[in-house]
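The following exercises concern a single protein model. Each task is followed by a worked solution.

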Amino acid sequence: MAGVSSCMKYSMFIFNFLFWVCGSVILGVSIWIRVSKDAQEELGVDSSLFAGVDLLIAVGSIIMVLGFLGCCGAIKESRCMLLLFFIGLLLILILQVTGGILGAVYRSQIETSLNTTLKDSVNLLKKNTEEAKQFQETFQKFQTENKCCGLLNGAADWGSNFDTPIGGSQVCGCDPKGEEANLCTSYNRKYVYKTVCREVIIKYVQDHMLIIMGIAFGLAVIEILGLGFSMSLYCQIQRK
């Protein structure tokens, strides 16, 4: 029994040490991004993404604390620390599963919310205010990079601004004689991209949702292993 307990103890320690290291890396990198202007410029992080960086700081801190509890609980054979580790990890797992279920249930509402946001952005494409012009310049670059046009109804979303060059180039301009020929369509006697940018945005969200789901699934497997290790060691210490 002593040999099994020792093996379990050091396996638990190694597992939680790696867990702690991951938390330290996440926390360190997140704080560096948050406080370093050079990092923000290099990675293209602006104030609108600070909420995500703050969330990573919180996640890194929680992982570090749990890893510390697991390591100390394993080495010192402390049932209290192991129990705290188990409860903390179980709560994280429950939150993950709940978030996944809510995301699946309210997926249609997320798409509705996206459509509402896009409708507000379409209004900016038709206006001539300073705020609207800044958005139009940014969106024109987005259209060129992703070879799309408009947000909901294609070139029609631009209204009377369609005939106004932005950044020295035609709005949604597409070359019908080059490699982009099959991507072009005609609108007001001009060639524009036929793909609506809404499709590009939805595809981007869907692709990244798959990545997030994959990461969440991987974390869930690790968390279940951690729960199993901690409870096994807890039971063995209790039997002693």
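**Exercise 1.** How many helices and how many strands are there in the protein chain?

*Solution.* The model is predicted: local features need pLDDT of at least 70, side-chain atom pairs count only at pLDDT 80 or more, and totals for chains, interfaces and linings use all residues. Residues are numbered from 1 along each chain as its sequence is written, and side-chain values use heavy atoms, with hydrogens and water left out.
Step 1: take helices as DSSP runs of H or I with at least four residues and strands as runs of E with at least two, numbered from the N terminus.
Step 2: the protein chain then has 7 helices and 2 strands.
Step 3: read from the N terminus, their order is α-α-α-α-α-α-β-β-α.

**Exercise 2.** Identify which side chains meet in a salt bridge.

*Solution.* Step 1: apply the criterion, a side-chain nitrogen of Lys or Arg within 4 Å of a carboxyl oxygen of Asp or Glu.
Step 4: lysine 190 lies in strand β2 (residues 190–193) and aspartate 163 in the loop between α6 (130–146) and β1 (184–187), so that the pair links distant parts of the chain, 27 residues apart.
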